[in-house]
Amino acid sequence: MKHVLVIHYSQSGQASEIARNLARPLIDDANVNVTFYQIEPEKPFPFPWTKETFFDVFPESFQQVPVALKPPKSSVLDKKYDLVIFSYQVWYLSPSIPANSFLRSDFAKQVLNNTPIVTIISCRNMWMLAQEKVKSLLKQNGAELKGNVVFVDRAGNLISVVTIVDWMFSGIKRKYLGIFPLPGVSKQDIANASVYGELILENLHQGDYSDLQSKVIANKGVYVSPYLVSVDKKGNFIFEKWSRFIRNRKKTRAAWLKVFYIYLFLAIWVISPIVFILHALTYPFTQSKRKKIIAYFQSV
């Protein structure tokens, strides 16, 4: 009997639905026992968000400041797992606060040490440097990263900004104004998550994950845009300065968060298109560099 732990956190339910669909082939296998553990902060984060609560989590989210979590049940911690599947989202170019809090907890090391792990990411589109941060935390916990599958919103960068914001602030997954596409990961991609579960199941029974990520890539499980990698890196550089500055302004935090909101609006709608134009202009001359970027972020 193989024992698999699926760790997940979700506000809207999307990340948890992806985790369940991906794990379905494992659940259906009589020789696999699957345990689900949902990360629960002691103080839940709101959904839908308000504008104030959404921006207030920015400094701590980017700086990866953990919050208190409800501990897992003893039935979760008492087992030694053959595999852990970790489903997380990205908040402000970093792993979400609940995901980060788990990875920094004492019980994470107990569960993850010397255990193969597959990460499952669901986000708008920029996940690359968040995964680098997760990889570092997994290493600290003694986990062995064997695979990574990414589920993103397939709409264009600026279109998805509009649709995701409407979803986050309304709590309703709808076609904004009746003309925009549905926000988030598509229903088809969520339904097809079981394809990757089948790949994982095959390697689980073999006890060898050396070719898992190559099979995930062959099944289009990790799309990497060099343009978005560039935006992600620039965003991390700037967010580092903003987040530290705001955290050090305790008395004027609310006012500076409003200034940050204005900056973020300009960055998305003015700076981002300029970066895209520059990327397009240099595209013919950066083929070798782009191939290396894609290969690196598709790997584990």
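Reader: Where is the place of Lys220?

Author: Lys220 sits in the loop between helix 11 (212-218) and helix 12. Helices (H or I, at least four residues) and strands (E, at least two) are DSSP runs, numbered from the N terminus. Residues are numbered from 1 along each chain as its sequence is written. This is a predicted model, where local features need pLDDT of at least 70, side-chain atom pairs count only at pLDDT 80 or more, and totals for chains, interfaces and linings use all residues; side-chain values use heavy atoms, with hydrogens and water left out.

Reader: Is Lys220 buried or exposed?

Author: Lys220 is exposed, at 74% relative accessibility. Buried means under 20% relative accessible area, exposed over 50%, and partly exposed in between (1.4 Å probe, protein chains only).

Reader: What is phi of Lys220?

Author: Phi is near 60 degrees for Lys220, a positive value in a residue other than glycine. Most residues other than glycine have a negative phi.

Reader: And what about phi of Gln64?

Author: Phi of Gln64 is also positive, near 60 degrees. Gln64 lies in the loop between helix 3 (58-62) and helix 4 (74-77). Gln64 is buried, at 13% relative accessible area.

Reader: New topic. Which residues of strand 5 are buried, on one side and on the other?

Author: On one side, Pro116, Val118, Ile120 and Ser122 are buried. On the other, Ile117, Thr119, Ile121 and Cys123 are buried.

Reader: Why is strand 5 largely enclosed by the rest of the structure?

Author: Eight of the eight residues of strand 5 (residues 116-123) are buried, so the rest of the structure largely encloses it.

Reader: Which strands do bridges join to strand 5?

Author: Strand 3 (residues 83-91) runs parallel to strand 5, with six bridges. Strand 6 (residues 144-152) also runs parallel to strand 5, with eight bridges. Two strands pair if DSSP finds at least two bridges between them.

Reader: What is the bridge partner of Ile121 in strand 6?

Author: Val150 is the partner of Ile121.

Reader: Which helix does helix 7 (residues 128-140) pack with?

Author: Helix 7 packs with helix 12 (residues 226-247), at an angle of about 65 degrees and with axes 8 Å apart. Axes are lines fitted to C-alpha atoms, for helices over the stretch in contact, and angles run from 0 to 180 degrees between N-to-C directions.
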